Amino acid sequence: MCDQWKAFKFFDVSQIKLPDEDAKSVFDQGKISSVTSGGNSVYVGTEDGVVHVLDQSFKPSKSFKAHDVGAVRHIKRVPETSYLVTLAEDLSNEPTLKVWALDKLDKRTDSPKCLSTVSIQNGRKQFPVIPNAAKF
């Protein structure tokens, strides 16, 4: 007979401390609308159309204006590539999908180069875009 329970440790729990005021400002604004990770970075999309790139210690390494109109509602780093896909929407305009090359910089703005911009045609219906799960 067994009179003891075996304990299984599934997760390592550790407190995450934000490194400085720059990192806190990204999280404290309360305007985060989407988050993804990949390539040793965390990508945070905000309500004002900005994408913040955070390193492994959650310190902002780069921020860029991804969309002029709308919030970055969906964001995805394509695995094993340098591509970042963002989708912004403002219910009064057509949603916009953009593909960014993170390894190529636009010399004018010093932000990642936008490779493609596609307007999602939904007839300006007042329904938010809900992406289907896609495997890249």
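## S41 and its neighbours

S41 touches T36, V53 and L54, leaving aside residues up to four places away in sequence. Contact here means heavy atoms within 4.5 Å. S41 is found in strand β2. Helices (H or I, at least four residues) and strands (E, at least two) are DSSP runs, numbered from the N terminus. S41 counts as buried, at 16% relative accessibility. Buried means under 20% relative accessible area, exposed means over 50%, and partly exposed lies in between (1.4 Å probe, protein chains only).

This is a predicted model, in which local features need pLDDT of at least 70 and side-chain atom pairs count only at pLDDT 80 or more, while totals for chains, interfaces and linings use all residues. Residues are numbered from 1 along each chain as its sequence is written, and side-chain values use heavy atoms, with hydrogens and water left out.

## Overall layout

The protein has one helix and eight strands. Along the sequence the pattern reads α-β-β-β-β-β-β-β-β. Of its 136 residues, 32% count as buried. Take the contacts between residues at least 6 apart in sequence: 36% of them join residues at least 24 apart.

The protein exposes about 9800 Å². Carbon and sulfur atoms supply 52% of that area. Accessible areas come from the Shrake-Rupley method with a 1.4 Å probe; for residues, only the protein chains shown count as cover.

## The nonpolar core

The largest nonpolar core has nine residues: Y43, V51, V53, F64, A66, V72, I75, L84 and W100. Strands β3 (50-54) and β5 (71-77) each supply at least two residues of this core. Such a core is a set of buried Ala, Val, Leu, Ile, Met, Phe, Trp, Tyr and Cys residues joined through side-chain atoms within 4.5 Å.

L84 belongs to this core. Its contacts include Y43, V51, F64, I75 and W100, not counting residues up to four places away in sequence. L84 also touches T36, K76, R77, K98, V99 and L102.

β3 pairs with strand β4 (residues 60-65) in the antiparallel sense, over five bridges. Two strands pair if DSSP finds at least two bridges between them. V51 stands opposite F64 in β4. Both V51 and F64 are members of the largest core. Five residues lie between the strands of this hairpin, where F58 takes a positive phi near 65°. In a regular strand the side chains alternate between the two faces of the sheet.

## Salt bridges

A search of the whole structure finds two salt bridges. The term means a side-chain nitrogen of Lys or Arg within 4 Å of a carboxyl oxygen of Asp or Glu. One joins the side chains of E47 and R73 (3.0 Å, N to O). This pair links distant parts of the chain, 26 residues apart: E47 is in the loop between β2 (41-46) and β3, and R73 is in strand β5. E47 is partly exposed at 35% relative accessibility, and R73 is partly exposed at 31%.

The side chains of R108 and D106 also meet in a salt bridge (3.7 Å, N to O). R108 is exposed, with a relative accessible area of 71%. D106 is partly exposed at 24%.

## A nonpolar surface patch

F8, F10, F11 and V13 form a nonpolar patch on the surface, with about 610 Å² of accessible area together. Patches are made of residues with over 30% relative accessible area and no salt bridge; like charges are joined within 9 Å, nonpolar side chains (Val, Leu, Ile, Met, Phe, Trp, Tyr) within 5 Å. V13 sits in the segment before α1 (21-28). V13 is exposed, with a relative accessible area of 81%.
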